[in-house]
Amino acid sequence: IGKGGQTDKIAFLTFTNNAANVARDRIIEVAQREFPDRQFTLMDFPNFSTLHSLATRIGGLLGKNVLDVEKLRQFDPDIKSEVVWMKLGDASSAEDRPDHAPLAIQSFARARCITLEQAIEQGGFTDIFSARSIQAMKDYFKKHHGRVVTLTGIELVNLYLSYYSSFKAQYRLADFDDVIDNAQNEAFVNDIPSFDLLIVDEAQDLSDLQWKLVKRLMAKATQIVIAGDDDQAIMVPFGASPTAFLKLDGETEVLKQSWRVPK
């Protein structure tokens, strides 16, 4: 800012909207103090957000509507949900997420960029092959589609997920993973923004799928700061790769003091 740079060429990407808002408020406070002759507002820092929000802004929804839990229950009324704190101790980060094994397996597979079979093994989803889970999927086809299904195992999971994909296509819906995935489509190459300064916070909670998008942003950024702590990773059950950022090239600085944990 002091060198005349544009504030909208600074991106601060973090894991929750609340964290992004706090960072933006702090930089506005500092900038206002350092440059009292200028008036800074929230609009001067539009790229302080989550990666998902950025992906949405560059067109990741593809003109579709967001698939929320209520719409999910239109697909399968038996889908349950649970409140997940995306950041420990931050009540504003609480999200209502589906608690449904087939969808969790698919999301984990997409996050890690692996097959469903690998996701079942790596994510500990072997319960999907239990008699209870198999019967629940068969009941779905019988109750909602009048179809008797004799498949079992991974074939049954694949069939269920194919119906899920068809439901999204029919009603023009996109889920969380779709938005990140779509933003990496070759059609969006020219829409990937370039930043003078790109800061990626909470890097330990990014998945391999999200890193693909981050690396596209990094390729067009002038200066890059990646911050994270692999000891504070909480999103591994959802497919995060907590040590991926440790393999990046560049200078490394390990902070000697943490202000987030007791002495």
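## The main core

Which residues have the most contacts inside the largest nonpolar core? In this predicted model, the answer is Phe75, Leu103, Ile105, Phe141 and Tyr160, in a core that counts 27 residues.

At least two core residues come from each of H3 (69-75), H4 (101-112), H5 (116-122), H6 (131-145) and H7 (153-170). The top contributor is H7, which hands over eight residues.

## Phe141 up close

Back to Phe141, one of the residues with the most contacts inside the largest core. Leaving out residues up to four places away in sequence, Phe141 touches Gly146, Arg147 and Val149, and also Leu156, Leu159, Tyr160 and Tyr163.

## How H6 meets H7

The axes of H6 and H7 sit 10 Å apart, and the two helices pack at an angle of about 40°. The crossing of H6 past H7 is left-handed.

On the H6 side, the contact is made by Ile134, Met137, Lys138, Tyr140, Phe141 and His145. H7 answers with Gly153, Leu156, Val157, Leu159, Tyr160 and Tyr163. Sorted by class, this H6 contact with H7 comes out as nine nonpolar residues, two polar and one charged.

Note on methods: Residues numbered from 1 in each chain as written. Predicted model: local features only at pLDDT ≥ 70, side-chain atom pairs only at ≥ 80, totals over all residues. Heavy atoms only, no water. Core = buried A, V, L, I, M, F, W, Y, C linked by side-chain atoms within 4.5 Å. Buried < 20%, exposed > 50% of the residue type's maximum accessible area, 1.4 Å probe, protein only. Helix = DSSP H or I, 4+ residues; strand = E, 2+ residues; numbered from the N terminus. Contact = heavy atoms within 4.5 Å. Axes fitted to C-alpha atoms, helices over the stretch in contact; angles between N-to-C directions. Left-handed = near helix turned anticlockwise from the far one by under 90°. Nonpolar A, V, L, I, M, F, W, Y, C, P; charged D, E, K, R; others polar.
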